[in-house]
Amino acid sequence: MSGTALAVGDQVRWDGRAWTLAALEGARACLLGEAGAIATVLLSHLLADPGFEVIGGPPQVKMAAVGLLDTLPDHVRARALAWERHVREVESGAAVPGGVPRAVYDPAVTTLAQREVAKAAELTAAGAATSVTTVRRMRARYRERGVWGLVDRRTTRPASAVGRADQRVVEGVVAVLGRQRGRSTGTLTRLRDLVRWHLEEVHGPGVVAVPPASTFNRLVHALAEGQGLLGSAAQRRSHGSRPAAPFRPTVALRPGELVMMDSTPLDVLAVLADGVTGRPELTIALDVATRSVCAAVLRPPGTSAVDAAVLLAEMVAPTRMRPGWDAALALQRSVVPYERLLGLDERLIGAAARPVIVPETVVVDQGKVFVSSSFLGACESLGVSLQPVPPANGPAKGAVERTFRSINHGFCQYVAGYTGSSAAERGRRVQDEARWALPQLQELFDEWLVCGWHARKHAALRHPMLAHLSLSPIEMWGALVGIAGYVPVPLVWEDYIELLPVRWQPVSDYGIRFDYRTYDSAVLNGYRRSRTSAGASERLEVHHNPYDPARIWVRLPHGFKEVPWIHATQVSMPFTDSTWRHIVSTVARTGDRDAHEVALARALDMLLRRAGAGAGTRRERTVAARAAAASSLALDALVPVPADIATTDGAPAQRSGEGPVLEDVLGFWGPEDLADSGFDEGENDDGEEGCGPDPGPPRPSHVLDPRQEAQRWLH
């Protein structure tokens, strides 16, 4: 508060109460309240308080709003500045500070009233009729608000977007538009009818008239402009899901500090099996600090908790160079400090130029996969914090949503079978263009991530020391890893089992039973029908893989033990948990539990055989094709398991050492090859259609083989 004079005995208002200034001691003021209260306040604090004023003193002097003058039209601003010179001349005698006053305005020989009369006469003679009252009013405005008070107020009134529309109609339109945010898009004619019904319901029939159609349409556009109340349903939902202002950007300063994870259908048709096509689902983990796609998994529609958990494991493991990849894609050829990192992590030998990032916090949506107990347990095992975003709030994880669009533009539209992002962009007979099997599409996408995404300059990535220099994700990781450090997290095969969904089951005389399947092995002897000290059935920790229901892992005192499904030999083709649920829902129970389980196993085998021969219904072929596609993504599922490494229980044992050579596995496989290896076509020796020759031992369907995955990354 500038220009304020204080003296002992003044009455002031401060802190909502009246005080008497009792004493001034240097920079402090002693105040005496009405009820005898005493307060000692710093003068700087007292004078700066917005509620402070001297009772009965002169009005507060406010700073002139000079900056607002720039928003005025030139002629309005010029008139206000001219009035400022006139007011100054009346009050001080000179139009500008330090000037020589004219005789009629000289304060030494004239009074203030005489100068006001002289100014009114001067302005009237110049052609601007002005009264003495107008001059006095301008002086009062100038003392109150400075030069801004001299501006013509008609030019500073805020313009209304709705003009002179009835406020009741405006409120009705806003209320109806708000209720339409989540509904399907309609026409303005429907909106006008809804507003009319709303006004009749609130104010009564015939009380408030709805404007004509053209006026109503202009009113709607004026109210909805920039508010996300018009447009397509998707646009309205997106605008409605924005968090409340003010917005704060998501900032991550080191790799792994914030990782966003999400899933979306890929805009490419993949050949699943036997000509069945479908859009796979892409699940990625994006590091915000480096914009690196740390891990990516393509699966048939329906992301499983296993996919989300495996993403966490793949993030902390280097991506291996694949046969056929250019040598320039190796991590050794990139800009990262390879030799220093190699001294910390020997797994980087032969790794591709894709960042290895240990996540600290993972941001996910409210999808049941990402908030499942399995995924929560996987995050807890790796020491990762989980941060769910509010429901239906895409902007909360805008970085990963934008990455999906970049993947669509940079990868999908160049792949055969591209569907476009909507029906309006889709061509004719797109399914005839699809030619890539799911493993091949995963291989192409992995290669594109290394040579396309991580090598491309990103506008949001700037060098920590050179802000003008934009970097690629792999360059940003190399720059930040030297600052934040690098800590390798090698996983053993038991860690991969820990990432699988878990359930607690008792062990009966018949083994472990759930989902109409029975698992049994000699390793369960000693735990059958066991009881706790409270007399309840003892339950064991069981980990299962939805992509491989033919076996489970049971935690025993000496570690995890694999237990096979007792009817696994009756099913000759790969299947998943979704395939099994389809069989359970279609086969009626006609006998006891054991007989029903046998019937389910036989029905499952017949379904897979019919679908493989193209003789089943479309639903059956789709279910079987998705199961085959999911199972084919495992490296060890594409080649037979040698008989010398089978367990005594008949279940295939785990491989040791390196997996199969990827060039032999994926390099020359087409859709017809996938159909020939595991799906029977044609006739058998007996001439019966739909049944192939005896397949022998079941082909393993191990999408996640813990030992194989551990060996893959550790060696």
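Before counting any pairing, I noted that two strands pair if DSSP finds at least two bridges between them. The model I am reading is predicted.

**Entry 1, the sheet.** I looked up strand β1 (residues 11-14) and found it joined by 4 bridges to strand β2 (residues 17-25), the two running antiparallel. Within this pair, I noted A18 of β2 as the bridge partner of R13. I then traced the open sheet to which they belong, which has 5 strands in the order β4-β3-β2-β1-β5 with antiparallel pairing. Because β4 (38-42) and β5 (53-54) each have a single partner strand, they stand at the edges, and one side of each is left without a neighbour in the sheet.

I checked helix α5 (residues 167-179) against helix α7 (residues 213-224), and they pack at an angle of about 65 degrees with their axes 10 Å apart, in a right-handed crossing. The contact is made by V169, V170, V173, V174 and L177 of α5, together with F216, L219, V220, L223 and A224 of α7. Sorted by class, this contact has 10 nonpolar residues, with no polar and no charged ones.

Returning to F375, I listed residues it touches beyond four places away in sequence, including M261, A308, L312 and V362.

Notes:
Residues are numbered from 1 along each chain as its sequence is written. This is a predicted model: local features need pLDDT of at least 70, side-chain atom pairs count only at pLDDT 80 or more; totals for chains, interfaces and linings use all residues. Side-chain values use heavy atoms; hydrogens and water are left out. Axes are lines fitted to C-alpha atoms, for helices over the stretch in contact, and angles run from 0 to 180 degrees between N-to-C directions. A crossing is left-handed if the near helix is turned anticlockwise from the far one by less than a right angle, and right-handed if clockwise. Contact means heavy atoms within 4.5 Å. Ala, Val, Leu, Ile, Met, Phe, Trp, Tyr, Cys and Pro count as nonpolar, Asp, Glu, Lys and Arg as charged, and the others, Gly among them, as polar.
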